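Hi there,

Here is the structure I said I would pass on. Please have it open while you read my notes.

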Amino acid sequence: MAFLTKLSKISPLARVCLSRCMSHVPENTVYGGPTPQTADRRVTLNQLKQKYKKGEPITVVTAYDYPSAVHLDIAGIDICLVGDSASMVVHGHDTTLLISLEEMLVHCRAVARGAKRPLLVGDLPFGTYETSTSQAVDTAVKVLREGGMDAIKLEGGSPSRITAAKAIVEAGIAVIGHVGLTPQAISVLGGFRPQGKNVSSAIKVVETAMALQEAGCFSVVLECVPAPVAAAATSALRIPTIGIGAGPFCSGQVNFGLLISLPL
């Protein structure tokens, strides 16, 4: 009792220091659960639109597992992308083509458990949305319902991809488009090659981005295109552009996160 009486009289600062020394109190690490940088709830499309209107950069980082997602949460990142690049980064494949929907869902669920603040976006993997609009919608629904994502991203700007994007949006699912270098199309592109390097290719990048906007996409990723082309697309669009190796003129940038297997 004497100990408890003395404990009740110590200063708040001493109380905090003492609590940190007690072994049964978990440290603020991935094992203690995420602590977001702000008390805000999940980032919404309206918040992203406000940042875009104000000219504030939109932050996007990839994550494939729970520990990485926790760190993104703490950092206050706007968008967390669970990319099909996990095929290469995590599973060791040479391309993004070999990851399955089931494998993507495992990554999505792990990230969803760790990142409570960013808008969560899951890639539609190759072979899961090209056959028909109904297949595309079914896959997108699964990524949200079973993967815990808030939105999806799909690659390409062919008429069938534009139609798929529109169908998914009409089903009530937010979509990010992706033009320029689209890794799922490397068989047609002849490898991981920059796009938009000549006039016709540059025009195609901008026109495709505009078509995705008209289909209802809330943002478009521009990958591996020259900075002037990205600037032209950003100027032409009324939605944010997110750059991957596309220069400094996009509305935001994708940064590729590291896999974290141990607490930092």
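Below is what I found, starting with how to read the values.

This is a predicted model, in which local features need pLDDT of at least 70, side-chain atom pairs count only at pLDDT 80 or more, and totals for chains, interfaces and linings use all residues. Residues are numbered from 1 along each chain as its sequence is written, and side-chain values use heavy atoms, with hydrogens and water left out. Helices (H or I, at least four residues) and strands (E, at least two) are DSSP runs numbered from the N terminus.

Let me begin with the salt bridges. The rule asks for a side-chain nitrogen of Lys or Arg within 4 Å of a carboxyl oxygen of Asp or Glu, and by this rule the count comes to 4. For burial I use relative accessible area: buried is under 20%, exposed is over 50%, and partly exposed is in between (1.4 Å probe, protein chains only).

One of the salt bridges joins Asp 150 to Arg 42, with the closest N and O atoms 3.4 Å apart. Asp 150 lies in the loop between helix 7 and strand 4 (151-153) and Arg 42 in the loop between helix 2 (12-21) and helix 3 (45-54), so this pair ties together parts that are 108 residues apart in sequence. Asp 150 is partly exposed at 28%, and Arg 42 is partly exposed at 24%.

Another salt bridge brings together the side chains of Asp 123 and Lys 153, at 2.8 Å from N to O. Here Asp 123 sits in strand 3 and Lys 153 in strand 4, 30 residues apart. Asp 123 is buried, with a relative accessible area of 4%, and Lys 153 is buried, also with a value of 4%.

Glu 214 and Arg 238 form a salt bridge too, their closest N and O atoms being 3.4 Å apart. This pair links helix 10, which holds Glu 214, to the loop between helix 11 and strand 7 (241-244), which holds Arg 238, 24 residues apart. Glu 214 is exposed at 57% and Arg 238 is exposed at 58%.

Next comes helix 4 (residues 66-75). Its buried residues are Pro 67, Ser 68, Ala 69, Val 70, Leu 72 and Asp 73. Their cover includes strand 1 (58-62), strand 2 (79-82) and helix 6 (101-114). After helix 4 comes Gly 76, with a positive phi near 80°.

Two loop residues are worth a look. Thr 128 is in the loop between strand 3 (119-123) and helix 7 (133-145) and is buried, with a relative accessible area of 10%. The Thr 128 side chain reaches the backbone oxygen of Pro 125 at 2.6 Å. Setting aside neighbours within four places in sequence, Thr 128 is in contact (heavy atoms within 4.5 Å) with Leu 101, Gln 135, Ala 136 and Thr 139. Cys 224, in the loop between strand 6 (219-223) and helix 11 (227-236), has a positive phi near 50° although this residue is not a glycine. Cys 224 counts as partly exposed, at 25% relative accessibility.

Finally, the surface. Met 88, Val 89, Val 90 and Phe 192 make a nonpolar patch of about 310 Å². Phe 192 is placed in the loop between helix 9 (186-189) and helix 10 (199-214) and is partly exposed at 42%. Patches are made of residues with over 30% relative accessible area and no salt bridge, like charges being joined within 9 Å and nonpolar side chains (Val, Leu, Ile, Met, Phe, Trp, Tyr) within 5 Å. The areas come from the Shrake-Rupley method with a 1.4 Å probe, and for residues only the protein chains shown count as cover.

Best wishes

Technical notes
Polar contact = N/O pair within 3.5 Å; in protein donor to acceptor, adjacent residues only side chain to side chain.
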